[in-house]
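User: Please show me the sequence and the model, and then let us work through some questions about them.

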Amino acid sequence: MIIDRIVNLKHRFSEDQDLRELLKNSGIAFFLKVAGTIVGYSFTVIVTRHYGAEAWGIFSICLMFLQISGMFGRLGTDIALLRFISEFMVSENKYLIPQVFRKILLLTLSVSSALSFILFLFAKYIAVEVFHDFTLIVPLKLVSAFVIPFVVLWITREAIRGLKKITIYMLLQQLGVFGLASLILVFSLMFLKTNHPYLIPILSYGISVVVFTFLALFLWRKYLKTFSLYVKPALNQISYKYILSVSLPLLFSSVLAFIMGWTDTFMIGIFKTTRDVGIYNVVLKLSTVISIVLFSINSIAAPKFAEFWGRKDLKGLARVARQSARLIFWTSLPILVVFVFFSKQILLIFGKDFIVASSALVILSLGQFVNAIVGSVGYILMMTGKERTMQNIIFGGAFINVVLNACLIPHYGINGAAIASAISLAFINIVPLFLVKKYYGFYTINII
């Protein structure tokens, strides 16, 4: 029985080009994602060990506002650009790629510049009136300086992802940014003395973002020449109006997804302390390790879905979606088991202060496992013209998340936040699972 399955898998691998591409590229992405996760947690451990949970809480709040500014600064064009490039590369419109990138870059630069100024201007109000913490004023002003490079880096690496340069795309994400940030942080600890040590992690991260922004732009220009996309001018024009008609619904989805991902951190900061924010943020990041294979596969599967949709190949789309879901399930299950039975031992790595969050880690891990086993259902909807449908689903999940966090955090603290996040995360994955079946005739869950 087992031998037959192995032979069958080998046959499918040799015959199915899409499966070979998925396994090869997602395998590379997986190892780079694992390396990036290790580097990211190394950065976290350095900060928590040397500066404590409160310093990590300050960094987490500043990162949240950098993410907010970056999200609105991108206007949803990052996902739209990924979709455009993936579709154009398999059609006669590939010469539109430089044009659409240039227009999106100009559009996002203007918006992100304004948002950077607004964050700097309102830093004091946010720190004092929202979080009741004067120590947040300077960190928030500092992080406002990195909004523009943060947006440009995000846009450019999504463009590179659309060209299927997955290895470079992954290097430009967590692995590269947190790797360099960790080196800068260690160097600062060794040679730099300051009266405001909680600024060092923010500055280290920001400098790293700037460096990788320039690197990403350099690589993008190189790839345009490699693919000969400058050989002849594009006969057609793509308008700002069309770009925004695609990107703005995706922006709304991004806003709702952001609410899903950061409401708990934001409300803990309001109802509890920056120390609680730091502890919870570490647990939240740890729980996402369960979805690491999902993230890795999505890096290659998302443009593949757009390709299949552009060719009207629903059978190919279904095949790749189900194959990836099976792989995600069997690789995520062992991580869940480890987190459930060894949560306290894992959290002890970050310090004794973090052991109190062991129950929250188990709860969040269960929510992430649901996210993993249903597969890439959200990307299937967004890459096949159902972005508004996905937007409505995320809206429902965000509403559930806000209500549950507001009700549970005051009474149950970080455990309440974990329950709210797990329930809402399950909601925004289970509903698309059934909608994919309704629209395209298949379930992504494929365990056996």
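**Burial, helices and confidence**

User: Is Lys103 buried or exposed, and what is its relative accessible area?

Analyst: Buried means under 20% relative accessible area, exposed means over 50%, and partly exposed lies in between (1.4 Å probe, protein chains only). Lys103 therefore counts as buried, and its relative accessible area is 17%. The model is predicted: local features need pLDDT of at least 70, side-chain atom pairs count only at pLDDT 80 or more, and totals for chains, interfaces and linings use all residues. Residues are numbered from 1 along each chain as its sequence is written, and side-chain values use heavy atoms, with hydrogens and water left out.

User: Which residues does Lys103 touch, not counting residues up to four places away in sequence?

Analyst: Lys103 belongs to helix 5 (residues 97–121); helices (H or I, at least four residues) and strands (E, at least two) are DSSP runs, numbered from the N terminus. Contact means heavy atoms within 4.5 Å. Leaving out residues up to four places away, Lys103 touches Gln237, Ile238, Ser239, Tyr240 and Ile243.

User: How many residues of helix 8 are buried?

Analyst: Helix 8 (residues 147–162) has 16 residues. Its span from first to last C-alpha is 23 Å, close to the expected 22 Å, where the expected span is 1.5 Å times one less than the number of residues. Helix 8 is largely enclosed by the rest of the structure, because the number of its 16 residues that are buried is 15.

User: What is the angle between helix 4 and helix 8, and what is the distance between their axes?

Analyst: Two packed helices are described by the angle between their axes and the distance between the axes. Axes are lines fitted to C-alpha atoms, for helices over the stretch in contact, and angles run from 0 to 180 degrees between N-to-C directions. Residues of helix 4 including Leu81 and Ile85 meet residues of helix 8, among them Trp154 and Glu158. Helix 4 (residues 77–88) and helix 8 pack at about 25°, with an axis distance of 8 Å.

User: Is helix 4 roughly parallel or roughly antiparallel to helix 8?

Analyst: Angles under 35 degrees count as roughly parallel, over 145 as roughly antiparallel, 65 to 115 as roughly perpendicular and the rest as oblique. Helix 4 and helix 8 pack at about 25°. That makes the arrangement of helix 4 and helix 8 roughly parallel.

User: Which residue with a positive phi follows helix 3?

Analyst: Most residues other than glycine have a negative phi. The residue in question lies in the loop between helix 3 (53–74) and helix 4. With a phi near 60°, the residue following helix 3 is Leu75.

User: Is His132 buried or exposed?

Analyst: His132 also has a positive phi, about 55°, although it is not a glycine. This residue is in the loop between helix 6 (123–130) and helix 7. At 58% relative accessibility, His132 counts as exposed.

User: Which helix has the highest confidence?

Analyst: pLDDT is the predictor's confidence in each residue, from 0 to 100, and the chain averages 83. Confidence is lowest in helix 1 (residues 2–15), with a mean of 48. At a mean of 94, the highest confidence belongs to helix 7.
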